[in-house]
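Let us take a friendly walk through one protein model. Have a look at the picture below, and keep it open while you read.

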Amino acid sequence: MASFKEMVEKIKAYGEEMKKYSEYLKSILNHLPISVVLIKEERGEGKELEYYNQSFKKLLETCFFSTPEEFLDFIKKGVFEGEVERFSLETPVYKSVNVKRDGKECLIGITVVKTQLLKEGAFLLILENLEEKEKLKKLSMWKEATLRMAHEIKNPLTPINLSIQRLKRKLAPQLDEESKELLYKITGVIERYVEELKNLAT
């Protein structure tokens with residue numbers, strides 16, 4: 001019983017650590033000078049807006065869109081119509097788009113990357129206002145920020161993964177079959193999220 005309680009406490013602690021790490025990752029994304037949008041692909045033709053950063057909110061205002069959904073509808077029907085199904089996991093797709101709305105114009109660059117989140121299809125959109133000053137400098141900043149973000153994502157993942165493995169090795173022999181099954185189930189969820197974060201960083 002004591003070992004089971006210890007297992008629950010440690011798993012709870014790992015859950016809190018992953019939650020803090022998720023908030024840390026969102027903080028990094030919110031400070032990037034480029035817009036980042038994650039769309040989860042639902043069954044059929046549905047698309048669910050999973051996440052977007054602060055830069056994307058500013059881009060909406062600059063390009064005269066009222067809501068993120070209105071912008072995504074424009075992307076799907078006006079920019080990549082008929083192309084979404086051909087997107088692959090290996091090759092990002094890039095387009096520069098001149099948005100014309102209400103007599104005004106806005107030039108943006110759109111990169112779409114098809115990815116997977118826990119076996120669910122998803123699309124990562126990276127957007128940049130190409131009309132802003134010092135365009136080349138911003139492109140350089142994008143590269144540097146991306147490399148730094150990938151490094152920051154990967155840094156904590158190895159010790160988290162190793163800790164999970166040690167936890168299983170230490171507790172599993174002391175548990176009955178039901179508790180052992182619970183241990184493997186919960187730690188398996190954490191391991192899958194760690195692997196997804198590694199893939200995202202790559």
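The model is a predicted one, in which local features need pLDDT of at least 70 and side-chain atom pairs count only at pLDDT 80 or more, while totals for chains, interfaces and linings use all residues. Residues are numbered from 1 along each chain as its sequence is written, and side-chain values use heavy atoms, with hydrogens and water left out.

How many aromatic pairs does the structure hold? There are four. Rings of Phe, Tyr and Trp (its six-membered ring) pair if their centres lie within 6.5 Å; planes under 30 degrees apart count as stacked, over 60 as edge-to-face and the rest as tilted. In one of the pairs, the ring centres of Phe56 and Phe71 are 5.4 Å apart and the planes stand at 70 degrees, so this pair is edge-to-face. It links distant parts of the chain, as Phe56 is in helix H2 (residues 54-62) and Phe71 is in helix H3, 15 residues apart. Phe65 and Phe71 also form an edge-to-face pair, with 5.0 Å from centre to centre and 90 degrees between the planes. Phe71 is buried, at 1% relative accessibility, and Phe56 is buried as well. Ring pairs join Tyr52, Phe56, Phe65, Phe71 and Phe74 into a cluster.

Helices (H or I, at least four residues) and strands (E, at least two) are DSSP runs, numbered from the N terminus. Which residues of H2 are buried? They are Ser55, Phe56, Leu59 and Leu60. Seen down the axis of H2, these buried residues fall within an arc of 145 degrees, so they line one face of the helix; the arc is that of the directions from the helix axis to the C-beta atoms. Lys58 and Glu61 are exposed on the other side of H2. After H2 comes Phe64, whose phi is positive, near 70 degrees.

Helix H3 (residues 68-79) has 12 residues and reaches 15 Å from its first C-alpha to its last, close to the 16 Å expected at 1.5 Å a residue. That expected span is 1.5 Å times one less than the number of residues. In H3, the residues Pro68, Phe71, Leu72, Ile75 and Val79 are buried. Down the axis of H3, its buried residues fall within an arc of 100 degrees, so they line one face of the helix. On the other side of H3, you can find Lys77 and Gly78, which are exposed.

## Salt bridges

A search of the whole structure finds four salt bridges, each one a side-chain nitrogen of Lys or Arg within 4 Å of a carboxyl oxygen of Asp or Glu. One of them joins the side chains of Glu50 and Lys40 (3.9 Å, N to O). This pair links distant parts of the chain, with Glu50 in strand E2 (residues 47-52) and Lys40 in strand E1 (residues 35-41), 10 residues apart. Glu50 is partly exposed at 39% relative accessibility, whereas Lys40 is buried at 16%.

Another bridge brings together the side chains of Lys168 and Glu191 (3.1 Å, N to O). Lys168 lies in helix H5 (residues 157-171) and Glu191 in helix H6 (residues 177-201), so the pair ties together parts that are 23 residues apart in sequence. Lys168 is buried, with a relative accessible area of 15%. Lys180 forms a salt bridge with Glu177, where the closest N and O atoms are 3.8 Å apart. Both residues lie in helix H6, three residues apart, about one turn of the helix. Lys180 is partly exposed at 21%, and Glu177 is exposed at 60%.

Leaving out residues up to four places away in sequence, Asn129 touches Leu59, Thr62, Leu107 and Ile108, where contact means heavy atoms within 4.5 Å.

Gln116 has its place in strand E4 (residues 104-117) and counts as partly exposed, at 42% relative accessibility. Gln116 and Leu200 are 84 residues apart in sequence and 8.9 Å apart in space, C-alpha to C-alpha.

Key: Buried means under 20% relative accessible area, exposed over 50%, partly exposed in between (1.4 Å probe, protein chains only).
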